[in-house]
Amino acid sequence: MNCTGCFRSICYFFFIFFSLFIISGCVSTPSIKETPIERNPTVDREAKPPSLADEIRGLIETGTPPALQRAIDLLRNRDVSDTELGRSLTAVAVTLFKSVYPALSVELPSIDPPPTNSYSKIMKDAERGIYSPAPASSQDFIEMVLPFTALLNEKRTERLSASLPDLERAITINDKSVLPYYFKGIVLERTGQIDQAFIMYSKAYELSKDCYPAALAAARILSTKNQNADAISLLLELLSRYPENWSIKRALAIVYYKTGNWSRAEPALAELLQKDPKDKELLLMRATVLIEQGKYIQAAPLLDAYGAMDNSNISYLYLRARLQAEGYKNRDAALTFLRSILLINPSDSNVITYMARLLIESERETEREEGASMLNILLQDPMPPANVLDLAVIVAIRRQNWTQAQMYNNQLLESRRSSSDLENAVLIQQGLKKYDQALLYAKELYDRDTANEQNTYTYVLALINGGKKDDAKVIIESKLASVASGSLKSNYYYLRSRLKTDEESILNDLRSSLFEDPRNLNALIAMLEIYHRRKDDRRAVYYLKQALSLSPDNPILQPYKKEYANQLN
């Protein structure tokens with residue numbers, strides 16, 4: 001070999017050696033914290049999909065149900081879920097899904113996170129209610145949001161506030177994720193910063209309509225601020241996207257309940273109780289709705305079911321009192337329940353007010369005086385609560401003191417404007433002979449819930465009193481042809497009698513009304529008035545006795561009671 005060939009061989013040897021040295025120096029050392037995702041140690045590393053770890057992390061950070069589900073599917077379908085990092089990220093995705101979106105029925109894999117992984121420690125601490133703040137030097141988004149799963153049910157403000165620095169850092173790292181905004185909203189809401197919480201919830205929902213817990217929380221705040229129409233609108237929007245989501249259905253039922261929209265609250269609560277018949281809160285709510293609608297027989301078994309679980313709850317005892325007083329007309333039994341509540345809580349103004357109401361309605365003069373005295377004391381409050389004003393309105397209406405009734409009811413209309421307030425406003429304006437104003441209130445009430453039969457009855461009566469008899473007749477005839485027998489049909493027969501001028505025809509409708517419901521006070525009074533005009537004392541006294549048994553203090557009956565005193569005795 002000549003020198004030139006020898007030199008070339010040496011150069012080639014050093015070139016190969018130097019190249020191998022450079023290549024070996026470029027191979028990175030695996031991370032101490034995490035094991036890289038790989039399909040299988042025996043498979044060529046070149047077959048690994050590019051940036052799979054980044055894609056999975058990005059999906060988990062997004063934090064929505066579809067993104068978390070996609071991350072889980074990638075981990076499972078790419079055969080990486082059994083690696084150390086795969087097990088760790090699977091556990092993170094499943095934990096976030098179950099913690100943030102518990103109402104979604106989705107089949108999730110079982111988790112087995114590696115014990116030495118930093119995420120595993122965070123999740124173990126969270127299970128024990130321990131919040132693990134992220135290290136000050138950390139730039140890992142998951143380390144900043146995952147610890148908050150320990151605080152999802154936390155109420156202590158100091159513990160909640162401690163999470164804010166991590167959540168702020170998380171927003172800085174990834175401002176497209178719903179998680180830090182939603183979690184920050186929880187902190188702000190539970191620390192009393194309602195307006196700021198609403199902004200955070202709205203931001204999370206704006207980022208993704210799939211973040212339904214943020215919208216639920218925003219609706220809750222709207223309802224708290226008495227923006228119930230907006231809350232209902234938002235919840236209905238959610239329900240259209242998640243028609244089987246029980247959390248949304250529950251929230252909507254509660255708003256209907258809170259606003260006194262009984263005709264919508266009752267079926268909504270009934271559906272929820274079919275899923276969980278032992279939900280104590282819903283049992284009491286539905287029992288309340290049924291009692292408010294006068295459906296006492298249906299309410300009784302619900303209260304029985306609740307009482308089997310807890311017979312000392314104040315709300316339960318109060319509903320029992322109402323059932324006895326209003327459903328069974330047993331005032332003494334009702335007062336017994338109320339007194340048992342006052343032994344537990346002597347300052348319960350709701351119970352005191354209801355007791356005053358029962359005493360005022362008593363046939364015993366001493367009890368009526370006691371009840372009136374209790375009401376006067378309650379009204380000395382510069383800002384009487386709504387239930388006290390309610391009673392004051394009832395008493396003033398019963399006494400036909402329309403000016404006083406209007407004064408108290410106007411306060412209720414300004415503060416809450418419930419259906420019962422509007423119904424009383426109609427009655428008061430009619431008492432004041434202001435029929436046009438009464439019709440405006442009645443129309444507002446009717447438009448609020450056209451399916452509510454009491455609202456319809458009030459509206460039709462206002463139409464009659466306002467001289468719009470043709471409009472009233474259309475509704476009455478439609479109702480008489482469609483409603484079932486009973487008190488409802490009785491009411492419409494009575495209303496139809498108000499449209500007529502021929503006395504015999506009027507009597508026929510009144511008889512039909514009393515056939516459907518012998519306790520229809522309006523029909524009884526109308527019969528009394530007709531027979532009084534005819535000077536048929538025997539029949540007049542007959543109907544007077546029945547009317548007095550239902551409403552002994554009714555001002556309309558007092559002149560007749562005095563005139564027929566001998567026959568009554």
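1. Buried means under 20% relative accessible area, exposed over 50%, and partly exposed in between, with a 1.4 Å probe and protein chains only. Thr-456 is buried by this rule, because its relative accessible area is 2%. Thr-456 sits in helix α25, residues 453–465. Helices here are DSSP runs of H or I with at least four residues, numbered from the N terminus. Beyond neighbours within four places in sequence, Thr-456 is in contact with Tyr-446, Thr-450, Ile-475, Lys-479 and Tyr-492. Contact means heavy atoms within 4.5 Å.

2. A word on the basis. This is a predicted model, in which local features need pLDDT of at least 70 and side-chain atom pairs count only at pLDDT 80 or more, while totals for chains, interfaces and linings use all residues. Residues are numbered from 1 along each chain as its sequence is written, and side-chain values use heavy atoms, with hydrogens and water left out.

3. Ser-478 belongs to helix α26, residues 469–482. Ser-478 is partly exposed, at 45% relative accessible area. Ser-478 and Tyr-492 are 14 residues apart in sequence; their C-alpha atoms are 9.8 Å apart in space.

4. Next, helix α12. The helix runs over residues 228–241, and its 14 residues should span 20 Å at 1.5 Å a residue; the end C-alpha atoms are 20 Å apart, which agrees. The expected span is 1.5 Å times one less than the number of residues. The buried residues of α12 are Asn-228, Ala-231, Ile-232, Leu-234, Leu-235, Leu-238 and Leu-239. They cover an arc of only 165° around the axis, so they lie on the same side of α12. The arc is taken from the directions from the helix axis to the C-beta atoms. Ala-229 and Ser-240, on the other side of α12, are exposed. The buried residues pack against α10 (194–207), α11 (212–224) and α13 (246–258).

5. Which residues have the most contacts inside the largest nonpolar core? They are Ile-60, Tyr-101, Phe-148, Phe-183, Tyr-201, Leu-235 and Leu-338, in a core of 121 residues. A second, separate core has 46 residues, including Leu-439, Tyr-459, Ile-476 and Met-527. A nonpolar core is a set of buried Ala, Val, Leu, Ile, Met, Phe, Trp, Tyr and Cys residues joined through side-chain atoms within 4.5 Å.

6. Val-541 is in helix α30, residues 537–550. Is Val-541 buried or exposed? Val-541 is buried, with a relative accessible area of 7%. Neighbours within four places aside, Val-541 is in contact with Tyr-564, Gln-567 and Leu-568. Tyr-531 is 10 residues from Val-541 in sequence and 8.9 Å from it in space, C-alpha to C-alpha.

7. Two loop residues deserve a look. Most residues other than glycine have a negative phi. Lys-329 is not a glycine, yet has a positive phi of about 55°. Lys-329 lies in the loop between α17 (314–327) and α18 (331–344). Lys-329 counts as exposed, at 57% relative accessibility. Gln-400, also not a glycine, has a positive phi of about 60°. The loop between α21 (386–398) and α22 (402–415) holds Gln-400. Gln-400 is partly exposed, with a relative accessible area of 35%.
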